[in-house]
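Colleague: Please take me through some of the terms used for this structure, one at a time.
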Amino acid sequence: MPKSNKHKKARVADFTKAKLKLGKGKQVANNATNTTISSKSIGLPNQSLSEFAKTEPVSRRNHTLSELLVQSRHYSLPVRKDALLEIDQLLTSHPHLLHQHLLPLVSCIVHLLSDTSASVRASTRALFVKIADRLDLEALKGVSKGLILFNISSLSSLDQDVKIDALKVLDILLEKIPDEIVRGWDAQAHSHDRSALQTAEASLEDKGVGGKVVEALLGVLRVRNPGLAAAQGSFTSVASSDLSPASRLAVLSTLARFLQVALSPETPVASTSTSTAVSQPWYFSNSFSSNRSYENFIASFPPSAASVTRIQDDDYEGHSIEPYPLAFANFDLDFSLDTLGLVHPAPAAYSNPSTTASANPTLLSILHPTLLSSFLDAAPAAFSPTESLSPSTSSSSDLAAIVAVVGVAQSLYQRELGRSFALTSTSSSTNEARKSLVMLLGHAAAYFPFGSDDLRERSNEAKNQLLSLNLSFSALASLLVLNDPSEVSHPNATRAVAGKLKKKTATKLRKQEEFGFKIELMVQNVEEWVIDALKGELKSTCQPLGITLGVEAIECLIPTIWALLNRSASTSGLKSGVVDHERTTTKEKESALWEVVLYHFDKANAGGETKKLSFLFIARIVMLQSDPAYIDRFTIPSASSSSGSSIDKWLLSLPKYLWELGTKHPQTSEMVLTFLLKTVATSSSDGGGVFAKSTITSLIGVLPPFFHVSHPTRGSMYGPFIKLPKPSQDKALALCWYLQRFPGVGNEGSLKKSLEMCFRRMNKAGMGAK
């Protein structure tokens with residue numbers, strides 16, 4: 001059948017060439033792309049169209065700082081990176097540009113904190129560190145508010161890498177301007193220590209950004225706060241297991257550093273110029289009947305400024321002798337019964353943030369599930385005794401995560417349990433804190449002492465981390481002892497606890513005993529480790545010769561030692577049939593630990609900070625024994641042999657300590673002289689105090705070398721006395737004045753001769769005080 005004309009025409013149409021018409025041009029295809037471009041201006045970053053020469057400093061590409069700041073917001077990644085590098089070069093070559101363009105520079109940095117490129121964020125962070133190093137503190141604080149807020153915004157980014165880099169910036173800010181970062185982080189913190197006027201003044205000040213920083217860190221940890229206003233602070237904690245190990249380590253480390261800064265002591269004790277300040281002995285707070293008595297005791301030693309009264313005495317060449325204040329002061333002062341320690345203050349005086357705001361959840365209760373889960377996730381790999389530990393493995397990051405978790409826990413538990421007074425230890429929130437602490441320590445006790453069973457070689461950083469974990473575990477265990485509800489010193493609290501015990505059933509009592517035995521076992525392990533640490537016998541497979549504790553380690557260990565010295569047999573909730581035996585054993589352990597403390601002082605380096613810390617600790621304990629407001633258990637053991645007690649030998653070793661200190665540590669020498677002066681001036685003639693009467697009289701025989709000594713071969717030698725500052729010399733002379741008038745002691749010939757030689761030398765050199 002022939003094909004139709006229709007199909008023939010279709011085939012011809014496919015191959016027919018269209019005829020072009022005159023003046024119409026070539027026809028555009030249907031799928032053609034329009035490539036025509038038009039622009040009102042052309043941007044050439046590497047060229048300048050300016051007709052005049054630039055008078056400002058320029059970079060290697062002939063750009064001024066203003067032009068580079070514009071290029072830092074360019075859409076192109078290489079342009080932004082080059083701009084940041086050239087800004088750094090310009091500021092290094094021309095430092096005066098920093099103060100001229102400070103605000104534009106900070107604006108540039110804050111907008112690049114959340115840049116999509118990791119290299120740009122790293123360059124921005126490096127530039128900020130260099131700018132912060134060159135600025136003074138006030139100038140940096142003045143421009144920090146916007147920087148902090150933008151960084152908090154970066155912490156809520158959906159990009160995980162941006163969050164990690166924002167945490168690094170927060171670490172830098174905590175190092176440079178810690179006060180601005182933590183200010184206002186907790187409105188209720190330390191409110192019990194403020195007066196009404198201070199509270200009113202604080203309400204008028206800027207609340208700070210600390211609270212927003214905490215909320216941002218909780219957000220990174222997946223701890224949410226839905227409907228805070230409606231639920232009145234009801235937090236819901238979501239498991240942070242979806243965080244990568246690196247992210248979890250970064251946020252926990254930053255949170256630990258933040259809490260360490262936020263909860264650090266506000267008033268450090270005076271220290272030597274070559275060392276860091278020693279923090280306040282907060283661990284003594286529970287040893288007094290009131291907060292006021294505790295503060296008076298802390299302010300009394302070491303004294304900030306001592307008043308000196310002139311006592312005319314021919315033997316002392318007119319030198320000023322410092323009297324004991326209570327012996328020479330006028331007794332027309334308004335002494336209250338509370339000041340004299342004769343009565344206990346009302347229970348209302350022991351207010352606490354945990355009791356006044358018990359309706360709202362504390363940061364500790366919010367973070368406890370996250371801390372516990374993070375510890376359980378990282379502990380098996382971190383403390384494995386045989387797994388190889390190298391920078392490429394995850395074990396090092398797991399160990400660092402454990403250190404961060406324990407650091408956060410120590411700061412929070414220290415805040416909740418470290419500054420309670422008497423009745424606060426029976427509050428519900430404190431009891432919940434104790435239970436959660438026992439839960440955390442119960443899981444960690446299986447690995448304590450950390451690293452003692454290692455069969456692998458660890459790096460120095462890992463060894464320091466393990467030592468830090470052992471110290472933190474001991475400090476946390478000491479908080480359980482310091483806040484033992486079964487050993488409350490306040491009489492009203494004792495009656496309240498006794499009333500509660502009558503209402504408990506047999507099941508509750510059995511659970512309490514099991515709970516107490518668990519605490520007692522942990523405390524015993526800690527006590528053994530502390531004794532080995534003070535003796536220098538902390539040995540492991542990798543360190544068979546033992547570990548020497550540094551200054552920071554001793555400072556962290558002192559609160560634990562004080563808690564162990566005051567530990568009672570009732571801490572464990574023991575049955576009545578074994579309480580007497582346990583009390584005897586506990587007393588023996590107290591005596592053994594006290595002997596080790598004195599041994600550590602004797603073996604420490606004379607010019608080191610560790611011996612100074614040991615001296616301060618022992619001296620305060622000695623002064624506590626005679627304080628009328630002291631209510632704790634520990635008393636210094638009496639002499640067990642005819643040779644005298646260890647504390648008497650320690651007192652007689654202090655003149656030798658003064659000689660070893662020489663003139664290189666004048667503040668420490670003044671502290672020792674102040675303690676000796678107070679001890680001799682307040683000692684009773686019947687020997688009823690801490691030191692025996694024979695010990696006080698023996699001081700006059702060991703003190704002369706501090707002034708002058710006649711050596712058989714080297715001849716006449718002057719001691720450190722003549723080169724010490726005037727306040728120290730006055731205290732030394734006052735000590736001699738009281739010693740020579742102590743009952744049963746006459747004018748010792750050697751001491752009098754040494755003083756005469758010093759006076760002669762000082763008068764000859766024009767150093768004598770007339």
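**Terms and their cut-offs**

Modeller: R80 lies in helix α3 (residues 77-93), where a helix is a DSSP run of H or I of at least four residues, numbered from the N terminus. This is a predicted model, in which local features need pLDDT of at least 70 and side-chain atom pairs count only at pLDDT 80 or more, while totals for chains, interfaces and linings use all residues. Residues are numbered from 1 along each chain as its sequence is written, and side-chain values use heavy atoms, with hydrogens and water left out.

Colleague: Why is R80 called buried?

Modeller: Buried means under 20% relative accessible area (1.4 Å probe, protein chains only). R80 has 9%, and is therefore buried. Its contacts (heavy atoms within 4.5 Å) beyond four places in sequence include Y75, L112 and D115.

Colleague: What makes α6 roughly parallel to α9?

Modeller: Helix α6 (residues 118-134) and helix α9 (residues 160-176) pack at about 5°, with axes 11 Å apart. Angles run from 0 to 180 degrees between N-to-C directions, and axes are lines fitted to C-alpha atoms, for helices over the stretch in contact. Angles under 35 degrees count as roughly parallel and over 145 as roughly antiparallel, so α6 is roughly parallel to α9.

Colleague: How do you know that α12 and α14 are roughly antiparallel or roughly parallel?

Modeller: The axes of helix α12 (residues 210-220) and helix α14 (residues 245-262) cross at roughly 155° and come within 10 Å. The angle is over 145 degrees, and the two helices are therefore roughly antiparallel. Among the residues in contact are V213 and L217 of α12 and L255 and F258 of α14.

Notes. Buried < 20%, exposed > 50% of the residue type's maximum accessible area, 1.4 Å probe, protein only. Parallel < 35°, antiparallel > 145°, perpendicular 65-115°, else oblique.
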